[in-house]
Amino acid sequence: MFISFEGIEGSGKSTALEGLCAVLTQKSLAFTRTREPGGSALGKALRALLLDARNKLASEAELFLYLADRAQHVHEVIRPTLDAGGLVLSDRYADSTIVYQGFGRGLDVSTLFHLNETAVSGLWPDITLLFDLAPEEGLMRAQNRNLRMGTAISEGRFEAEDLAFHKRIREGYLSWAQRHPERFRIVDAAVPPGEVLAQTMAHLQGIF
């Protein structure tokens with residue numbers, strides 16, 4: 001089983017993922033938690049390039065760095081775990097690239113889908129949880145988090161984008177989810193974290 005967590009910056013997806021992992025650990029259920037970018041050894045190096053606010057990347061360069069990260073991630077982590085019958089929980093996956101580089105940067109969405117199909121050898125999540133939140137709230141949360149953690153520069157490149165960009169991302173996610181209702185589940189991320197986790201568990205009821 002492969003489950004991905006998606007959403008705008010500051011949507012609370014990582015917090016919900018952490019909460020889910022705690023529940024699974026309490027139930028003694030095995031899982032592999034991973035993330036993009038940075039889920040593989042190569043990805044850790046690429047993450048530093050992709051998220052550092054000091055790096056001014058062309059949209060196409062940004063795209064191919066993400067594709068390289070994802071291809072290695074699937075090869076090194078995701079596919080072996082799934083082949084062994086394991087559960088993979090990923091903080092972001094290919095939908096992020098389609099939304100951020102497509103709806104956000106203006107690259108062709110159809111082309112992005114096919115490039116990702118190649119990068120992941122056709123592997124898409126069984127379920128994708130989309131944490132939906134107003135961009136104004138998400139951006140404020142993300143910027144405050146980065147300031148608190150001291151990562152405003154090292155991991156703040158997307159948080160430095162203007163509000164219009166983040167609005168396109170939110171609209172892009174909702175549009176993309178409508179195109180793929182068979183695997184997308186939408187979580188209202190505007191409520192307190194405990195309620196977000198409760199929604200997450202409700203969407204996954206019966207799987208665990």
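User: Which residues line the largest cavity?

Analyst: First, a word on the model: it is predicted, so local features need pLDDT of at least 70 and side-chain atom pairs count only at pLDDT 80 or more, while totals for chains, interfaces and linings use all residues. Residues are numbered from 1 along each chain as its sequence is written, and side-chain values use heavy atoms, leaving out hydrogens and water. Now the general idea: rolling a probe the size of a water molecule over the atoms shows where empty space is left. A cavity is a set of points, on a 1 Å grid over the protein atoms alone, where a 1.4 Å probe fits but cannot get out; a pocket is an open set with protein on both sides within 12 Å along at least five of seven lines, and lining residues have an atom within 4 Å of a point. Here, the largest cavity is lined by Gly7, Ile8, Leu130, Phe131, Asp132, Leu133, Arg170 and Tyr173.

User: What volume does the largest cavity have?

Analyst: About 30 Å³, where a volume is the space filled by probe spheres set on the grid points, which are joined across faces, edges and corners. The largest share of its lining, three residues, comes from β4.

User: And how much space lies in the largest pocket?

Analyst: About 1000 Å³. Its lining has 41 residues, and Gly10, Lys13, Ser14, Asp91 and Arg145 lie nearest its centre.

User: How do I read a salt bridge, and how many does the structure hold?

Analyst: Side chains of opposite charge can pair when their charged atoms come close. The cut-off is a side-chain nitrogen of Lys or Arg within 4 Å of a carboxyl oxygen of Asp or Glu. The structure holds 14 of them. Take glutamate 9 and arginine 92, whose closest N and O atoms are 3.5 Å apart. Glutamate 9 sits in the loop between β1 (2-7) and α1, and arginine 92 in the loop between β3 (88-91) and α4, so this pair ties together parts 83 residues apart in sequence. By the way, helices (H or I, at least four residues) and strands (E, at least two) are DSSP runs, numbered from the N terminus.

User: Is glutamate 9 buried or exposed?

Analyst: Buried means under 20% relative accessible area, exposed over 50%, and partly exposed in between (1.4 Å probe, protein chains only). Glutamate 9 counts as buried because its relative accessibility is 12%. Arginine 92, at 10%, is buried too.

User: What about arginine 54 and aspartate 52?

Analyst: Their side chains meet in a salt bridge at 2.7 Å, N to O. Arginine 54 is exposed at 59%, whereas aspartate 52 is buried at 11%.
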